[in-house]
Amino acid sequence: MLNQKASFESVLIPEQKPEEIAKLERILSHEFAQPKLVGSKGEEIVIPESIYSIFRQIMGAMASGQAISLVPHNHELTTQEAADILNVSRPFLIKLLDQGEIPCIKVGKHRRIRLEDLIFYKQHRDNKRRKHLDRLIEITEEAGLYEA
C-alpha cells in the first residue's frame with residue numbers, strides 16, 4: 001500500500017530515450033490476447049487488463065513528451081501541489097478554496113485537497129471552457145470571421 005505522506009514526483013523522459021519510449025508506446029498500442037511480463041530468469045506473469053491500460057496511457061503520454069505523475073486517487077494534496085496540477089498560482093487556488101469552488105479539509109492551520117475533488121473541479125472547468133470556446137467559434141462563423 002502506498003504511504004499517504006509519500007512525495008509524488010513527475011517523471012520526464014531522459015533526452016537520450018525518446019526513441020525507446022516511442023517504440024514501447026507503438027508495441028503497447030497493439031491489442032494482445034494476453035500481455036505478459038517476462039522476468040530475467042524466464043518467469044512469466046500475465047498483465048491484468050487494468051494495469052495494461054495504465055501502461056498504454058503512460059507510454060502514450062511519455063511518447064508525446066508529457067511528464068507523468070502517479071498519485072493514489074484518495075491522496076490529499078497540499079495547496080501548492082493542487083495549484084501545480086491546475087497550473088494556477090497558490091494564491092489563486094486559495095481564493096477558489098475560500099469561495100467554496102473546491103472542497104478542502106483543514107489539518108491544523110493547513111488545507112488539504114482530495115485529489116478526486118480537484119480532478120472533478122478541473123474536469124468541470126475544462127468542460128465549461130470548451131463550451132465557451134465552441135460558442136465563440138459559432139459566433140465568429142456566423143459573423144463570417146472564421147473560415148474552416
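Modeller: Arg-125 counts as buried because its relative accessibility is 13%; buried means under 20% relative accessible area, exposed over 50% and partly exposed in between, with a 1.4 Å probe and protein chains only. The model is predicted, so to speak of local features pLDDT must be at least 70, and side-chain atom pairs count only at pLDDT 80 or more, while totals for chains, interfaces and linings use all residues. Numbering runs from 1 along each chain as its sequence is written, and side-chain values use heavy atoms, without hydrogens and water.

Arg-125 belongs to helix α5, residues 115-142. Helices (H or I, at least four residues) and strands (E, at least two) are DSSP runs numbered from the N terminus. Leaving out residues up to four places away in sequence, Arg-125 touches Leu-86 and Val-88, where contact means heavy atoms within 4.5 Å. Its side chain also reaches the backbone oxygen of Leu-86 at 3.4 Å.

Strand β5 covers residues 110-114. Arg-111 and Ile-113 make up its covered face, whereas His-110, Arg-112 and Arg-114 lie on the uncovered one. In a regular strand the side chains alternate between the two faces of the sheet.

β5 pairs in the antiparallel sense with β3 (residues 76-77) over 2 bridges; pairing requires at least two DSSP bridges between two strands. Within β5, Ile-113 is the bridge partner of Leu-77. β4 (residues 105-107) also pairs with β5 in the antiparallel sense, over 3 bridges, and Val-107 stands opposite His-110. β4 and β5 form a hairpin with 2 residues between them, and Gly-108 in the turn has a positive phi of about 65°.

Conventions:
Polar contact = N/O pair within 3.5 Å; in protein donor to acceptor, adjacent residues only side chain to side chain.
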